[in-house]
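Please open the model in your viewer and keep the selection tool at hand. The stops below are given in the order in which to select them.

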Amino acid sequence: MRCKMSGFNALLLAGFGGFIGAFFRVLVGFGAGKILPTNFAYATLFVNTIGSFLMGIFLNLELPPQVKLFLIAGICGGFTTFSSFSYESLMFLQNGEILKFGLNLALNITLCIVACYLGMITFKLSH
């Protein structure tokens with residue numbers, strides 16, 4: 001994400017957005033852990049799907065580059081959890097849980113691409 005501003009200001013925007021995204025990521029994790037079984041990576045699936053949907057919207061908004069940096073690299077970057085997805089997938093594989101491994105890959109990849117597309121369509125339909 002490139003924008004005409006100092007590197008430090010860009011870091012502050014992305015960092016503050018990342019803080020907000022990470023805050024809500026943990027809330028979703030706690031919430032999912034209270035209402036869903038813990039034998040699958042539901043929280044990661046939810047945040048990756050929601051974050052992809054939001055990114056589909058944010059990418060289409062006509063906003064100053066600084067605001068897009070804050071929303072996309074910051075909030076979405078702090079909210080979505082590709083590293084958690086990677087780790088959880090690897091743990092399923094290492095534990096011999098091949099069905100959960102495949103399901104985690106298929107659901108995260110498919111739902112996140114579809115969610116991003118739906119975010120784009122939602123934006124376009126509302127404008």
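The model is predicted, and local features need pLDDT of at least 70, side-chain atom pairs count only at pLDDT 80 or more, while totals for chains, interfaces and linings use all residues. Residues are numbered from 1 along each chain as its sequence is written, and side-chain values use heavy atoms, with hydrogens and water left out.

Begin by selecting helix H1, residues 7-35; helices here are DSSP runs of H or I with at least four residues, numbered from the N terminus. The expected span, taken as 1.5 Å times one less than the number of residues, is 42 Å for the 29 residues of H1, and this agrees with the 42 Å between its end C-alpha atoms. Within H1, select Ala10, Gly17, Gly18, Gly21, Arg25 and Ala32, which are buried, a term that means under 20% relative accessible area, with exposed over 50% and partly exposed in between (1.4 Å probe, protein chains only). If you then show helix H2 (42-58), helix H3 (65-79) and helix H4 (82-94), you will see part of what covers these buried residues.

Next, select Phe40, Tyr42 and Phe92, which ring pairs link into a cluster. Rings of Phe, Tyr and Trp (its six-membered ring) pair if their centres lie within 6.5 Å, and planes under 30 degrees apart count as stacked, over 60 as edge-to-face and the rest as tilted. By this rule the model has five aromatic pairs. One of them joins Phe40 and Tyr42, whose ring centres are 5.2 Å apart with planes at 65 degrees, so this pair is edge-to-face. Phe40 also pairs with Phe92, in a stacked arrangement with 5.8 Å centre to centre and 10 degrees between the planes. Because Phe40 lies in the loop between H1 and H2 and Phe92 in helix H4, that pair ties together parts that are 52 residues apart in sequence. Phe40 is buried at 11% relative accessible area, as is Phe92 at 9%, whereas Tyr42 is partly exposed at 26%.

Now move to Lys100 and Glu97, whose side chains meet in a salt bridge at 3.4 Å, N to O; the criterion is a side-chain nitrogen of Lys or Arg within 4 Å of a carboxyl oxygen of Asp or Glu. The structure holds one such bridge. Lys100 is partly exposed at 23% relative accessibility, and Glu97 is partly exposed at 29%.

Finally, select Val114 in helix H5 (residues 98-125), which is partly exposed at 40% relative accessibility.

Terms used:
Helices (H or I, at least four residues) and strands (E, at least two) are DSSP runs, numbered from the N terminus. Contact means heavy atoms within 4.5 Å.
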